[in-house]
Amino acid sequence: QVQLVESGGGLVQAGGSLRLSCAASGIIFSSFAMGWYRQAPGKQRELVAAITRGGDTDYAASVKGRFTISRDNARNMVYLQMNSLKPEDTADYYCRADRVGYVYWGRGTQVTVSS
């Protein structure tokens, strides 16, 4: 059974930091590209950051320079370090694993940034 379990969300003041974690099980983690997505109330889910199997990264323009995605294949973990948080970063954050023919999502963790 495939599981992606996010953690690390919470309430933080603008300018603060949070580190999200996603624990994967039931998949050969190293064979999947991993990503963090977010969905704010009334908005569509959007890509925040992605990391390939080889460790190449990509970021949404809105978070570039503030957020860092990383992965630990030995621990089946992917992380999102979020610095200089802004109120507009408030959303539910989801972990995603994908490879050709397979896409898996976590249930999300809530991030709220107060002004």
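**Close-up views of aromatic, charge and disulfide contacts**

**View 1. Y102 has a relative accessible area of 42% and is therefore partly exposed.** Here buried means under 20% relative accessible area, exposed over 50% and partly exposed in between, with a 1.4 Å probe and protein chains only. The model is predicted, so that local features need pLDDT of at least 70 and side-chain atom pairs count only at pLDDT 80 or more, whereas totals for chains, interfaces and linings use all residues. Residues are numbered from 1 along each chain as its sequence is written, and side-chain values use heavy atoms, leaving out hydrogens and water. Y104, at 24%, is likewise partly exposed, and F32, Y102 and Y104 form one aromatic cluster.

**View 2. Three aromatic pairs are counted in the model.** Rings of Phe, Tyr and Trp (its six-membered ring) pair if their centres lie within 6.5 Å, with planes under 30 degrees apart counted as stacked, over 60 as edge-to-face and the rest as tilted. Because the ring planes of Y37 and W105 meet at 70°, with centres 4.9 Å apart, this pair is edge-to-face. It links distant parts of the chain, since Y37 belongs to strand β4 (residues 33-39) and W105 to strand β10 (residues 102-105), 68 residues apart; strands are DSSP runs (E, at least two residues), numbered from the N terminus. Y37 is buried at 16% relative accessibility, while W105 is partly exposed at 34%. The rings of Y102 and Y104, by contrast, are stacked, because their planes stand at 25° with the centres 6.4 Å apart.

**View 3. R19 lies over the face of Y79, 4.0 Å from the ring centre.** A charge sits over a ring if NZ of Lys or CZ of Arg is within 6 Å of the ring centre and within 35 degrees of the ring normal. The charged end of R45 is also placed over a ring, that of Y94, at 3.7 Å from its centre.

**View 4. C22 and C95 are joined by a disulfide, with an S to S distance of 2.2 Å.** One disulfide is counted (cysteine sulfur atoms within 2.5 Å). The torsion about its S-S bond is about -80°, so the disulfide is left-handed. C22 lies in strand β3 (residues 18-25) and C95 in strand β9 (residues 91-99), so the pair ties together parts that are 73 residues apart in sequence. Both cysteines are buried.

View 5. L47 is partly exposed at 32%.

Terms used: Helices (H or I, at least four residues) and strands (E, at least two) are DSSP runs, numbered from the N terminus.
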